[in-house]
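Have the model open while you read.

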Amino acid sequence: MTAVYPSLRTHPADDPSCPALWDALREVTDPEIPISVVDMGLIVDLKQRDGVVNVKLTFTALGCPAMDFIMDDIRERLLREPGVRSVRIEVVWDPVWSKERLSEEGIELMRTWGISA
Amino acid sequence: MTGTAAARIDNAALFAVLASLADNKQAMGRRYAYWANGAPALEAAVAAAAMTQDEIGHARTLYPLLEDFAQAATDPRQVAPETRTLRYHLAFLDREFAGWSDFVATNFLLDGALTTFFEAAQHSAYEPLRQRARKIVQEEQVHRAHAEGWVRRLARAGGAVRQALVSSLQRLWEETLCWFGPDDDPVMGQLYRDGFIDAPPAELRSRYLQHVIPLLEGLAIEMPARFDPESKRWLPKQALPWERWEADSRRLRPASYQAPGQALAGGEDQP
């Protein structure tokens with residue numbers, strides 16, 4: 001069981017799921033493993049309204065040492081998207097992260113790096 | 001989630017328990033850290049490092065909740081670990097671990113007790129606690145497996161190794177059982193009545209004993225607990241030392257404690 005997240009490959013650009021923003025975040029990788037925060041399943045929700053993007057973000061562990069780096073990278077990347085004026089990130093722990101949140105690409109990448117998924 | 005003065009929660013009981021949980025997690029993490037470079041096996045050192053990160057992470061996610069409470073206004077310095085001077089962790093954690101068996105006992109007994117609390121908070125009416133509780137319970141499954149594995153390993157080694165484990169368990173036992181509070185503890189009782197946890201302190205203690213005693217019994221390690229056939233619950237066999245209980249900090253005064261103004265027996269080594 002894997003998760004599927006919005007993308008311009010599968011959704012029209014004006015889809016309310018904001019596929020362009022999800023694709024933008026596919027360029028933001030975990031500092032420890034070269035896997036995107038989307039494919040890792042860290043993005044729980046993403047909404048855009050009037051130039052403000054609200055991101056609900058989770059982490060694999062409460063003690064994740066890279067939290068601040070990841071949030072900075074997400075903010076910086078989304079601000080480069082046309083029409084995005086500000087980014088609000090809310091860290092949430094529900095749903096609890098599990099391997100089921102990995103995308104198909106995420107699982108493949110993890111296996112490439114010798115991590116069971 | 002950060003609180004504003006207008007939206008602050010006014011709940012002294014929840015504030016006190018969150019502070020105690022955060023302080024215990026923080027102190028455990030700091031004690032564990034030493035063993036990331038001193039555990040008896042490479043695998044154990046790696047695990048100690050990972051658990052250090054987890055415990056500090058649990059503390060890091062709990063401390064910010066304190067800001068949301070009206071009680072934080074009394075002394076704002078006390079809500080951040082960097083400026084906090086109050087120490088509401090168990091007195092056992094005041095000193096460095098005497099050996100690896102103290103690490104194992106802390107992971108098995110104390111961390112296990114806190115996990116019993118978080119298990120009881122997974123449907124908490126206080127959403128930030130509910131969310132964190134579920135994640136902590138998930139992460140603690142690995143700690144529990146590590147703790148139980150090492151308790152078995154040290155117990156079966158026999159001789160001085162087994163004796164060191166038993167000694168560590170005994171030194172931590174009463175204070176851990178007391179952490180849940182007396183049966184009529186107004187703080188934990190309030191959390192139960194408010195729907196923040198799903199059981200009063202006596203029930204939490206009983207659940208906890210149900211978790212730890214079978215493993216210890218299987219290893220012929222006797223701890224002072226008895227099974228009550230009538231209620232079908234594990235209970236402490238002896239009265240707990242409530243005369244040494246400090247309700248505010250949820251810890252026991254060390255047995256060697258002397259009244260303020262007199263020197264403590266031995267220097268404290270704060271984490």
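**Notes on chain B**

1. Start with the helix pair. In α3(B), Ser101(B), Asp102(B), Val104(B), Ala105(B), Thr106(B), Leu109(B), Leu110(B) and Ala113(B) touch Ala164(B), Leu165(B), Ser168(B), Leu169(B), Leu172(B), Trp173(B), Thr176(B) and Trp179(B) of α5(B) (contact: C-beta atoms, placed from the backbone, within 7 Å). By type, the residues of this contact are 11 nonpolar, four polar and one charged (nonpolar: Ala, Val, Leu, Ile, Met, Phe, Trp, Tyr, Cys and Pro; charged: Asp, Glu, Lys and Arg; polar: the others, Gly among them).

2. A word on sources: this is a predicted model, where local features need pLDDT of at least 70 and side-chain atom pairs count only at pLDDT 80 or more, while totals for chains, interfaces and linings use all residues. Residues are numbered from 1 along each chain as its sequence is written, and chains are lettered from A and ligands numbered from 1 in the order written.

3. Now the geometry. Helix α3 (residues 100–120) of chain B packs on helix α5 (residues 159–179) of chain B at about 25 degrees, axes 9 Å apart (axes are lines fitted to C-alpha atoms over the stretch in contact, with angles from 0 to 180 degrees between N-to-C directions). So α3(B) is roughly parallel to α5(B) (under 35 degrees).

4. Zooming out, chain B has seven helices and four strands (DSSP runs: H or I of at least four residues, E of at least two). Along the sequence the order is α-α-α-α-α-α-α-β-β-β-β.

5. Finally, burial: 42% of the 271 residues in chain B are buried (20 or more other C-beta atoms within 10 Å of the residue's own, placed from the backbone).

Conventions: A residue is buried if 20 or more other C-beta atoms lie within 10 Å of its own, exposed if 12 or fewer, and partly exposed in between; C-beta atoms are placed from the backbone. Angles under 35 degrees count as roughly parallel, over 145 as roughly antiparallel, 65 to 115 as roughly perpendicular and the rest as oblique. Two residues are in contact if their C-beta atoms, placed from the backbone, lie within 7 Å.
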